[in-house]
Amino acid sequence: MQISTDRSPAPVSEARLAEILADPGFGQHFTDHMLRVEWTPEKGWHQARIEPYGPISMDPATAVLHYAQEIFEGMKAYRHPDGSVWSFRPEANAQRMVRSSRRLALPVLEESDFVQAVDALVEVDARWVPTTEAGDERSLYLRPFMFASEPFLGVRPSRHVTFMVIASPAGSYFKGGVSPVRIWLTEEYTRAARGGMGAAKTGGNYASSLVAQQEAAEHGCDQVVFLDAQEGTYIEELGGMNLYFVHRDGRIVTPETGTILEGITRASIIELAKEMGHTVEERRFSIQEWKDGVASGEITEIFACGTAAVITPVGELVWDGGSAPSLPHGDVATKIRGRLVDVQFGRAEDTHGWMHRII
Ligand SMILES: *Cc1c(COP(=O)(O)O)cnc(C)c1O
């Protein structure tokens, strides 16, 4: 793919950049550039370019605004101690975007084009990849996304599609130490049904989760857990993170229902946990098994995972009319998290070939 570059005439000053990178937060500041590629049935993917970051103008009839034909990815670029810049399993994000695009009737962007596009933006905005000190986990969060950009109100797959990549520096997810989150069990809403789009990374899944998230906040909870849509029995996942249940004998169970989103962190943790001597079971896991396991002491730790926070310990489960006792932040989560983060930040050897060098 040929990518042209139109450099920003007004990049953020070094002084302002240093200020932003000292405390980037999440998703608030964006780099000097963005990448954009167009697709039509006649031309395929074309006009790949990097241009100054800024608003995009849209016809009010643009299909994505009405029918939500949209998918996205989330990944990070990490600066290693020697100054080099790397991403983590980018081909896995590329492959997942291909699967999402099939479900949402969007065109396929080849894996190599996806990786090239992400790399190109990171190269141009390299100064935005934070340096990190030990104990600190600053990185550059990357958001590739694809949307129906044809101005047309008829209901059919769009004949103009746009793929973009934007980037945003991200701070440590847990300021002042990792603390367990309180989870709200929603018994009214579901996030994914058989034949639906739960396994695709698409904005619609997030839109449908917000009301449940709101309900969680009203009950003093940080996150919401969804059950399967058919029986209302089996754990799916949190709105944007996959779950793990650590048992007394070291066994780890992670839900598999066919409608969860296949997290790349989830897959990586399964491999690391096995190497660390844990048996990992991917199977249906009921809400009753959660409640009983915590009550009996059979479950010793619960944690959630995703690119943004890597691993978050889960404390209390709260539902309408009750709650399960809180679990502390456990050793298993701490150890697995440490291993993964050390590989990502170049402090431990990458024995799996997971890291991809950009600079
Ligand atoms: C992105 C996402 C995850 C986490 O996936 P990672 O690849 O680990 O970041 C989990 N659940 C949902 C619904 C997601 O969209």
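Guide: The ligand sits in the largest pocket; sitting there means that more than half of its atoms lie within 2 Å of the pocket's grid points. A pocket is an open set of points, on a 1 Å grid over the protein atoms alone, with protein on both sides within 12 Å along at least five of seven lines. The model is predicted: local features need pLDDT of at least 70, side-chain atom pairs count only at pLDDT 80 or more, and totals for chains, interfaces and linings use all residues. Residues are numbered from 1 along each chain as its sequence is written, and side-chain values use heavy atoms, with hydrogens and water left out.

Around the ligand are 15 residues, the closest being Lys201, Tyr206, Glu237, Thr265 and Thr307; a residue is near if one of its heavy atoms lies within 4 Å. This shell divides into four nonpolar, seven polar and four charged residues, where Ala, Val, Leu, Ile, Met, Phe, Trp, Tyr, Cys and Pro count as nonpolar, Asp, Glu, Lys and Arg as charged, and the others, Gly among them, as polar.

Polar contacts here are pairs of N or O atoms within 3.5 Å. A polar side-chain atom of Lys201 is 2.6 Å from a ligand oxygen atom, and an N or O atom in the side chain of Thr265 also lies 2.6 Å from an oxygen atom of the ligand. From the backbone, a polar atom of Ile264 is 2.8 Å from a ligand oxygen atom. The protein buries 96% of the 380 Å² that the ligand exposes when taken alone, by the Shrake-Rupley method with a 1.4 Å probe.

Notes. A polar contact is a pair of N or O atoms within 3.5 Å; within protein, one must be able to donate a hydrogen and the other to accept it, and residues adjacent in sequence count only if both atoms are side-chain atoms. On a 1 Å grid over the protein atoms alone, a cavity is a set of points where a 1.4 Å probe fits but cannot get out, and a pocket is an open set with protein on both sides within 12 Å along at least five of seven lines; lining residues have an atom within 4 Å of a point.
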